[in-house]
Amino acid sequence: MPLAAHAAGFARLALANITREYPNSPAHLMTSPDEEVRPSALHPAFYGSYDWHSSVHMHWLLVRLLRRHGATPALPDTAPVTDVLDRHLTCANIAVEAAYLLGRPSFERPYGWAWLVALAAECRDAGAAGARWAEALAPAVAAVDALLTEWLPKATYPVRHGTHPNSAFALGLLLDAAELPAATAEAVRRRLLTWFADDHDAPAHWEPSGQDFLSPALTEADAMRRVLGGEQFARWLDRFLPALRSGAPCPVLEVPVVSDRADPQIGHLLGLTLSRAAALRSIAAALPDGPVRTRLAEAADAHLAAGLPAVRREDFTTDHWLATFAALALESGTGHTPGSG
């Protein structure tokens, strides 16, 4: 199920959402009664898609689609995409976004930070237009770099739950993007090892939680895949999720039940099916042939089949974000990670 088959539909979804200012859920602390709080004033580039992080990663999705499938039968008309990106990703707009980030060091930490860096990396490989957008985004990437440099030494403990503050998912995206200075990237790797290298017997039987869109266990394993070598990672995974090799039941391999797809929080579980598919595919690709790899790949296929039909439901609660995770699931394990060629 390649991404090309979904490119035109995903592009329409992303365009509709990143240009839709309302409804909007700004994560903005008001400090005075006369403060300007219109989303497009606070965030001239990333005002749409209901919230800032969704806007950023739906921009990423558009650039990914443009770079991989633009001017092909999968996405023949690229003008609407480039026109919107040209309007949003300007030096003036990104200067406002960068200043906002620097003025609020915990805003979107670390999930939105990681998607911003992934967006810049995607732009860098997207031809002349992408180079223009990447140049505009450079001050925001520098802001994230400064914020990471300040935050990582203080992050004694990771956030392990399955929503936006999850530490492993964001730091994995940052490494995939390969957009940060070498010293910062090394600090990210060291922090992942400090947090997770000694972990074992993950409480996978606790998953999923009621509003997860990430698997705490699988995002951690996928992050460790990025920082450990092949055999070393396989040994770590055996300790972390021993049920995979023993053949015992493992809840992270079972497709979650989504009782109300229109509920904004329960609907997160639709994203969990897709983010699990992505992680399972990537982890499987990092392992040698054998029963564990086969088991992970089969579970990934089941999750993808369950989650993909939910992407285009004409329901704003999922339309504003879910296609990004479908793209991750469709391309994970193929070498096409966020920011890669």
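**Before you start**

Residues are numbered from 1 along each chain as its sequence is written, and side-chain values use heavy atoms, with hydrogens and water left out. Because the model is predicted, local features need pLDDT of at least 70 and side-chain atom pairs count only at pLDDT 80 or more, while totals for chains, interfaces and linings use all residues.

**Stop 1: helices α3 and α6**

Select residues 52–69, which form helix α3, and residues 111–124, which form helix α6. Helices here are DSSP runs of H or I, at least four residues long, numbered from the N terminus. The two pack at an angle of about 20 degrees, and their axes are 9 Å apart. (Axes are lines fitted to C-alpha atoms over the stretch in contact; angles run from 0 to 180 degrees between N-to-C directions.) That makes α3 roughly parallel to α6, a label for angles under 35 degrees. Their crossing is left-handed: the near helix is turned anticlockwise from the far one by less than a right angle.

Now show the side chains. On α3, the residues in contact include Trp52, His53, Trp60 and Arg67. On α6, look for Tyr111, Trp115, Leu119 and Glu122, among others. Contact means heavy atoms within 4.5 Å. By class, this contact has ten nonpolar, four polar and three charged residues. (Ala, Val, Leu, Ile, Met, Phe, Trp, Tyr, Cys and Pro count as nonpolar; Asp, Glu, Lys and Arg as charged; the others, Gly among them, as polar.)

**Stop 2: Arg64 and its partner**

Which residue does Arg64 form a salt bridge with? Select Glu331: the closest N and O atoms of the pair are 2.3 Å apart. A salt bridge is a side-chain nitrogen of Lys or Arg within 4 Å of a carboxyl oxygen of Asp or Glu. Side chains of opposite charge can pair when their charged atoms come close. Glu331 lies in helix α16 (residues 322–331) and Arg64 in α3, so the pair ties together parts that are 267 residues apart in sequence. Both residues are buried. (Buried means under 20% relative accessible area, exposed over 50%, partly exposed in between, with a 1.4 Å probe and protein chains only.)

**Stop 3**

The whole structure holds 17 salt bridges. Pick Lys154 and Glu150, with closest N and O atoms 3.9 Å apart. Lys154 is exposed, at 56% relative accessibility. Glu150 is partly exposed, at 47%.

Next, select Asp199 and Arg160, which meet in a salt bridge at 3.0 Å, N to O. Asp199 is in the loop between α9 (182–196) and α10 (216–227), and Arg160 is in the loop between α7 (127–151) and α8 (167–177), so the pair links parts 39 residues apart in sequence. Asp199 is buried, at 15% relative accessibility. Arg160 is partly exposed, at 38%.

**Stop 4: Ser167**

Buried or exposed: where does Ser167 fall? At 1% relative accessibility, Ser167 counts as buried. This residue lies in helix α8. Leaving out residues up to four places away in sequence, Ser167 touches Pro110, Pro158, Val159 and Trp195.

**Stop 5: helices α5 and α7**

Finish with residues 91–103, helix α5, beside α7. Their axes come within 7 Å and cross at roughly 10 degrees. That makes α5 roughly parallel to α7. Among the residues in contact are Ile94, Ala98 and Leu101 of α5, and Leu137, Ala140 and Val144 of α7. By class, this contact has twelve nonpolar, no polar and no charged residues.

Terms used: Angles under 35 degrees count as roughly parallel, over 145 as roughly antiparallel, 65 to 115 as roughly perpendicular and the rest as oblique.
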